[in-house]
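Colleague: Before we discuss this model, could you put the sequence and the coordinates side by side, and then take my questions in turn?

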Amino acid sequence: MTNGRRAARIAAGVPWWLVLLVGLGAIALGTALADASYRVIFGAVARGFGVTIGVALASYAASLALGLLLGLARSSRLRPLREASTFYIELVRGLPMLVILYYIAFVGAPALAEVLNGLLAPLIRAGAVKAFQARDFSFATRAGLALTLGYAAFIAEIFRAGIESVDKGQIEAAHALGLSHSQTMLRVVLPQAVKNVLPALANEFVAIIKDSALVSVLGVQDITQIGKVYAASTFKFFETYNVVAFFYLCMTVSLSMLVRALERRLKRENAR
Amino acid sequence: MNAFIRVVDAVKTFGDPERGGVRALDGVSLEVAKGEVVLVIGPSGSGKSTLLRAVNRLERLDSGGIWIGDDEVTARRADLRRIREDAGMVFQSFNLFSHMSVLDNVTLAPRLVRKASAAAAREAGRAILERVGLGDKLEAYPRQLSGGQQQRAAIARALAMSPKALLFDEPTSALDPEMIKEVLDVMTALADDGMTMMVVSHEMGFARAAADRVVFMDRGRIVEQGTPEELFASPREERTKEFLGHIL
């Protein structure tokens with residue numbers, strides 16, 4: 001009887017979705033290694049791995065920095081800062097990521113070149129710097145910039161929620177000790193805010209990996225673009241997109257599990 | 001009497017008074033001498049916490065003035081840093097910085113505000129924590145401490161800025177009965193050392209042991225004040241008698 005109950009408890013604790021996913025992954029990998037055409041597709045798509053990771057990491061790092069600034073501005077005591085940051089966040093969140101991408105690539109980049117030329121006009125006339133042209137910005141750069149600007153808005157809202165989650169008593173205590181407003185923010189509020197939203201921030205990285213597939217519409221050679229081109233030229237749609245999906249799942253599922261582990265750890269720490 | 005803390009005709013309203021706003025302070029005047037321990041009692045909503053919070057300007061007055069020593073707390077361009085070095089504050093809910101060890105809680109303000117060196121701040125912090133009986137908890141985090149220990153750590157944190165006066169906002173209200181005594185013992189020792197204190201609390205034991213004066217507030221006004229013996233044994237006002245009947 002106890003054996004049965006123990007078995008039931010173990011069965012309840014098993015993450016069956018993960019077992020299924022790992023099983024499917026193993027089957028996919030096994031098939032791929034056994035099948036010559038899968039091996040070729042794996043090799044081809046793997047060449048986009050670096051671009052996907054590179055675009056995701058660079059945009060994530062930049063959007064963390066920009067998002068932190070926007071989040072701080074959003075919870076600032078200064079009304080103009082608050083309004084400006086809210087304006088930006090609402091604007092960007094109201095647009096599909098794909099539209100932001102097209103906009104930055106075909107409107108933003110030429111405009112940026114114009115602005116830089118305007119700023120550096122004396123230097124350019126003197127011949128010290130060459131005039132910028134829109135094509136000086138690679139499509140990978142434009143795509144990264146678009147993801148950065150889009151995700152900064154989401155991340156700013158996460159930081160704001162984190163800042164608001166910190167008990168007001170902590171701020172009062174810091175003020176009562178004579179700390180300035182910026183010292184209070186930096187030394188008391190932010191460390192606790194960031195800790196509170198760490199899992200949410202990590203989830204944004206998973207999301208940005210998935211959204212990095214959007215850069216394929218600009219012809220950037222990431223996993224999706226290489227797969228798309230390969231499938232179109234060989235008509236092996238089924239095999240190619242299996243491989244593409246496999247690559248994304250390897251990254252996203254493992255990262256999601258890390259986020260969960262982090263969440264559990266933080267919860268345990270807070271309960272102590 | 002040489003007043004150290006001086007409150008003159010303080011008025012503070014929360015919300016719109018024409019639409020059910022509350023007059024938390026309705027013309028309060030009070031003087032606290034150097035080394036004096038004043039206990040402020042009164043029903044909830046009587047404005048006693050607001051008065052305390054106005055003294056180190058966590059709350060701004062609508063009108064009236066407050067001085068600590070020669071510093072005008074209510075001045076438009078008051079030096080907040082100076083005011084808060086003058087008067088430390090201890091809160092009902094401790095408000096220890098939860099991401100820092102007890103020692104870091106105590107040394108943070110001396111390092112940031114006084115620009116003390118890390119080593120000097122640690123040495124001073126250690127001594128102060130010894131004094132409140134937490135010498136063995138330097139590296140503990142607030143969540144690992146009991147309520148009484150947390151409040152003693154919070155008192156140590158306020159003491160680390162060597163304030164000239166300490167303000168206590170219901171320091172024992174969030175504590176289990178068996179922990180109240182350890183906090184009151186620390187406060188009584190401070191009073192005996194000559195610390196100027198304003199305490200919002202209903203701890204009668206502390207009032208008798210340490211308070212020089214008890215102030216009874218109701219509806220934003222001071223109704224009556226006197227020594228603990230006078231006020232508790234023979235209150236003059238009806239309202240005071242009624243209230244004391246509830247808490248004694």
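**A loop residue and its surroundings**

Colleague: Where in chain B is Phe91(B) placed?

Modeller: Bear in mind that this is a predicted model. Strand β6 of chain B covers residues 87–90 and helix α3 covers 102–112. Phe91(B) has its place in the loop between β6 and α3.

Colleague: Is Phe91(B) buried or exposed?

Modeller: The cut-off for counting as buried is a relative accessible area under 20%. Because the relative accessible area of Phe91(B) is 5%, this residue counts as buried.

Colleague: Which residues of chain A are in contact with Phe91(B), once its neighbours within four places in sequence are left aside?

Modeller: Within chain B the partners of Phe91(B) are Leu58(B), Gln151(B), Asp169(B) and Pro171(B). With Asp169(B), 78 residues apart along the chain, the C-alpha separation is 5.1 Å. From chain A, the residues in contact with Phe91(B) are Glu172(A), Ala173(A) and Ala176(A).

Colleague: Which residues of chain A lose the most area to chain B?

Modeller: The size of an interface is often given as the accessible area lost when the parts come together. Chain A and chain B bury about 1800 Å² between them, with 57% of it on carbon and sulfur atoms, and 19 residues of chain A are in contact with 25 residues of chain B. Together accounting for 33% of what the chain A side buries, the residues that lose the most area are Ala176(A), Leu177(A) and Arg187(A).

Colleague: How does the radius of gyration of chain B stand against the globule rule for 248 residues?

Modeller: Chain B has 9 helices and 10 strands. The globule rule gives 18 Å for 248 residues, and chain B is close to that value, so it is as compact as a globular protein of that length. The radius of gyration of chain B is 18 Å.

Colleague: What share of the residues counts as buried in chain A, and what share in chain B?

Modeller: The cut-off is again a relative accessible area under 20%. In chain B, 56% of the 248 residues fall in that class. In chain A, with 272 residues, the buried share is 38%.

Colleague: With which residues is Leu98(A) in contact, leaving aside its neighbours within four places in sequence?

Modeller: Leu98(A) lies in helix α6 of chain A, which runs over residues 97–119, and counts as partly exposed because its relative accessibility is 32%. The C-alpha atoms of Leu98(A) and Leu214(A) are separated by 6.7 Å, although the two residues are 116 apart along the chain. Beyond its sequence neighbours, Leu98(A) is in contact with Leu214(A) and Val217(A).

Note on methods. Residues numbered from 1 in each chain as written. Chains lettered and ligands numbered in written order. Predicted model: local features only at pLDDT ≥ 70, side-chain atom pairs only at ≥ 80, totals over all residues. Heavy atoms only, no water. Buried < 20%, exposed > 50% of the residue type's maximum accessible area, 1.4 Å probe, protein only. Contact = heavy atoms within 4.5 Å. Buried area = accessible area lost by both parts, 1.4 Å probe. Helix = DSSP H or I, 4+ residues; strand = E, 2+ residues; numbered from the N terminus. Rg over C-alpha atoms; globule rule 2.2 N^0.38 Å.
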